[in-house]
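Please keep the sequence and the structure in view while reading.

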Amino acid sequence: MKLAKQITIGVVFIAVVAAATLYVLYQQVVSYGHEPITLNEDKIFTVPAGTGRIALEGLLVDGKIIEKSPAFQWLLKLQPELAQFKAGTYRLQPKMTVTQLLALLSSGKEAQFTIRFIEGSKLSDWSAILRDAPYLTHETEGKSLEQLSELLAIETPDSLEGWFYPDTYHYTANTSDLDILKRAHQQMKSALDQAWKGRDKTLPYTRPYEMLIMASIVEKETGVEHERSKVASVFTNRLKKNMRLQTDPTVIYGLAEKYRGTIYRSDLNNYTPYNTYLIDGLPPTPIAMPGLASLKAAAHPATTDYLYFVADGTGGHTFSTNLNDHNRAVKVYRQLQK
């Protein structure tokens with residue numbers, strides 16, 4: 001009887017000690033989970049597919065995000081929901097706790113990156129921006145215009161210029177540059193279709209693509225919001241009168257790498273399909289990626305008799321209905337330049 005009582009007391013004592021030990025361990029693990037990670041600035045961290053608990057700890061320690069501690073694996077055991085981490089690329093921030101870090105990796109909420117294309121930029125600009133964008137995969141490299149047109153379902157296989165909507169695009173790591181272009185094309189196509197449906201029916205365009213070309217010219221001619229519809233009116237008035245557009249941005253586009261920062265008389269006399277001093281009507285393709293304001297201006301030019309415009313030296317333009325007034329405005333501008 002006495003022995004049995006002693007055994008019972010011993011078992012209870014051991015159980016109490018074990019419980020106390022487990023409680024202390026539990027408190028240590030919980031306390032560890034509340035400790036901040038060892039970062040002083042944001043860090044992009046990638047969890048490769050198939051990464052297990054041990055491998056994850058190794059990656060975090062090697063990346064100097066956490067310090068080596070036996071509490072890490074205990075934390076994953078005590079809170080198994082934190083062990084459901086998903087492959088992906090995440091943005092870690094200073095002052096995050098270890099628990100918050102693991103919760104993020106388990107949420108699958110990957111880091112968002114942004115890429116911005118401005119109004120008036122050209123396809124060559126977009127290619128450079130896409131090439132330098134972080135965490136983007138490159139599917140378009142080495143593809144011909146015909147191949148890209150087919151992949152993007154663009155109806156003008158000889159040129160992609162103008163077909164992408166300038167905007168800020170968000171993406172996650174390992175997104176394809178082709179995916180960005182598809183989104184930009186669909187947005188431009190939608191904006192163009194909407195502008196075409198609501199256009200002024202007296203416009204001298206036979207198809208939406210011609211309006212896209214006009215919008216690109218307007219985009220390159222002025223950055224002043226209230227002038228866009230006036231600029232569009234000059235060019236549509238000229239088209240209606242069978243006058244050549246005589247717009248410098250198209251000449252510059254046609255010169256490509258030969259453009260030297262200034263348009264010379266020899267450039268105006270040099271034939272390219274884009275030299276609107278020598279060709280009739282619109283150039284064969286857009287010369288840039290127009291924004292929504294330029295699309296609207298091309299769809300709804302102001303009602304004017306303007307046939308000319310020239311810079312006024314203050315960022316805007318002076319518009320004229322006849323050549324004499326235009327020449328006087330040109331003279332004023334040249335005097336201001338001097």
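## Aromatic pairs and nonpolar cores

Phenylalanine 117 and tryptophan 126 are both buried, and in this predicted model the two rings form a stacked aromatic pair. The structure holds 10 aromatic pairs, and two of them are set out in the table below.

| Aromatic pair | Arrangement | Centre to centre | Angle between planes |
|---|---|---|---|
| Phe117 and Trp126 | stacked | 3.7 Å | 10 degrees |
| Phe235 and Phe309 | edge-to-face | 5.7 Å | 75 degrees |

Because phenylalanine 235 lies in helix 9 and phenylalanine 309 in strand 7 (residues 308-311), their pair ties together parts that are 74 residues apart in sequence. Phenylalanine 235 is buried, with a relative accessible area of 2%, and phenylalanine 309 is buried as well, with a relative accessible area of 15%. Elsewhere, ring pairs link Phe117, Trp126, Phe164 and Tyr169 into a cluster.

Phe164 also belongs to the largest nonpolar core, which has 55 residues, and together with Ile115, Ile180, Met211 and Met214 it touches the most other members. Among the elements that give two or more residues to this core are strand 3 (113-116), helix 7 (177-197) and helix 8 (208-221), with helix 7 giving the most, at 9 residues. Apart from this core lies another, of 25 residues, including Tyr32, Tyr90, Met96 and Val98.

Leaving aside neighbours within four places in sequence, the contacts of methionine 211 include Trp196 and Arg199; of these two, arginine 199 lies over the face of tryptophan 196, at 3.6 Å from the ring centre.

Notes: Residues numbered from 1 in each chain as written. Predicted model: local features only at pLDDT ≥ 70, side-chain atom pairs only at ≥ 80, totals over all residues. Heavy atoms only, no water. Core = buried A, V, L, I, M, F, W, Y, C linked by side-chain atoms within 4.5 Å. Buried < 20%, exposed > 50% of the residue type's maximum accessible area, 1.4 Å probe, protein only. Helix = DSSP H or I, 4+ residues; strand = E, 2+ residues; numbered from the N terminus. Contact = heavy atoms within 4.5 Å. Phe/Tyr/Trp six-rings, centres within 6.5 Å; stacked < 30°, edge-to-face > 60°. Lys NZ or Arg CZ within 6 Å of the ring centre and 35° of its normal.
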